[in-house]
Amino acid sequence: MSDEIRTIGVLTSGGDAPGMNAAIRAVVRTSLAYGRKVKGIRKGYSGLLKNDIIDLDSRSVTDIIGVGGTFLYTSRSAKFRTPEGQKQAAQICRDNGIDGIVIIGGDGSFRGAKALSKYGINVVGVPGTIDLDIACTDYTIGFDTAVNTAMEAIDKVRDTSTSHERCSIIEVMGRNCGYIAIGCGIANGAEEIILPEYYNYDEERIVEHIIESRQNGKRHYIIINAEGIGHSTSMARRIEAATGIETRATILGYLQRGGCPTARDRVMASMMGAYAVNILVAGKTDRVVAYKNGDLCDFDIDEALNMTKSIDSLEYSVANILSR
Ligand code: F6P
């Protein structure tokens, strides 16, 4: 074990995700178990630039494991993207005695971490985003809760859709990726899933399918549309005009980012937070914690940022078969 890291900082950055609090709690208590001091950097990199830093002890993280959002707050900082901002942020870390930081966030946050490390701060990233769009890992904190939240909301839309024999287009988050959409598509048994990754969007085929489904006795038609495709409201207008079936669009939006984390998110966040501290105190830096093929592991940040992944084609084809 290296003695170099005396004080560990923790921050959350980018879009918040349910389970971030559980990860912070794990970072704090694991660091304390190693005899390290812990400081919480509030409001992500922009808070770091404003020296918005607080001491954390075991009691600071009492009762937060089941709370959504992030009690350290979060932000997206334009100033931190500049070399001057990054240099200044590293100096603020040093002024506060912080020699290692755990950054909980997505790819953009890890790029920020890499920049800080250039100025001598040890950094480890923990994947926290509802989007699941971090290539090096099969799991990101918040994804499970977001899919469950969206699934429950879509079940409710389905009830009213069936009662009125309508078609419903439900837009889910995910930035440019369709992981939430495919998850809900399968979990909700949607008739159609429109994903950026499989973009061969053919509205005429969808219209024909809606008419055929109605003739086959289906009372509703649920289309899950990924945020990366968007335009759900105009799509609904066109589909209604072409099918003669009332069609409504529902954009789920930010409700998908909130709420109490599921057990899976709490457990994964706790394990990933603890893992991040383990590797920091062992002297590693510039790493991203990941969950790959059932195990926790870590990757070099650059390697992680250069990796790619896509929607599982088997999931996509199964979703299509089951929707008929
Ligand atoms: O990354 C999480 C996410 O909710 C995406 O799904 C969405 O595209 C984006 O953040 C919205 O970001 P903001 O909170 O800045 O509006």
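User: Which helices each supply at least two residues of the lining of the largest pocket?
Analyst: They are α2 (44–49) and α4 (107–118), and α4 gives the most, with six residues. This is a predicted model, in which local features need pLDDT of at least 70, side-chain atom pairs count only at pLDDT 80 or more, and totals for chains, interfaces and linings use all residues. Residues are numbered from 1 along each chain as its sequence is written, and side-chain values use heavy atoms, with hydrogens and water left out.

User: Why is the space of about 710 Å³ called a pocket?
Analyst: On a 1 Å grid over the protein atoms alone, a pocket is an open set of points with protein on both sides within 12 Å along at least five of seven lines, whereas a cavity is a set where a 1.4 Å probe fits but cannot get out. The volume is the space filled by probe spheres set on the points, which are joined across faces, edges and corners. The largest pocket has about 710 Å³ by this count, and 33 residues line it, with Gly14, Arg76, Gly108, Ser109 and Arg175 the closest to its centre. A lining residue is one with an atom within 4 Å of a point.

User: How does the lining of the largest pocket divide into nonpolar, polar and charged residues?
Analyst: There are seven nonpolar, 16 polar and 10 charged. Ala, Val, Leu, Ile, Met, Phe, Trp, Tyr, Cys and Pro count as nonpolar, Asp, Glu, Lys and Arg as charged, and the others as polar, so Gly is polar. The second largest pocket, of about 250 Å³, has six nonpolar, three polar and three charged residues in its lining. Its largest share, four residues, comes from α5.

User: How many cavities of 30 Å³ or more does the search find?
Analyst: The search of the whole structure finds one. Of its 12 lining residues, the closest to the centre are Ile193, Ile194, Asn200, Tyr201 and Arg205. The elements giving two or more residues are β7 (192–194) and α7 (203–215), and β7 has the largest share with three.

User: What makes β6 and β8 a pair?
Analyst: Two strands pair if DSSP finds at least two bridges between them. Six bridges join β6 (167–172) to β8 (221–226), which run parallel, so the pair qualifies. Val172 stands opposite Ala226 in β8. Both strands belong to an open sheet of order β7-β8-β6-β9. Helix α7 packs on this sheet, touching β6, β7 and β8, at about 155 degrees to β8. Contact means heavy atoms within 4.5 Å; angles run from 0 to 180 degrees between N-to-C directions of axes fitted to C-alpha atoms, for helices over the stretch in contact.

User: Why are β3 and β11 called edge strands?
Analyst: The open sheet of seven strands has the order β3-β2-β1-β4-β5-β10-β11, with mixed pairing. β3 (53–56) and β11 (295–300) each have a single partner strand, so one side of each is left without a neighbour in the sheet. The twist from one strand to the next averages 30 degrees.

User: How do you know that β5 and β10 are paired?
Analyst: Two bridges link β5 (122–127) and β10 (287–292) in the parallel sense, so the pair meets the rule. Gly125 has Val288 as its bridge partner in β10.
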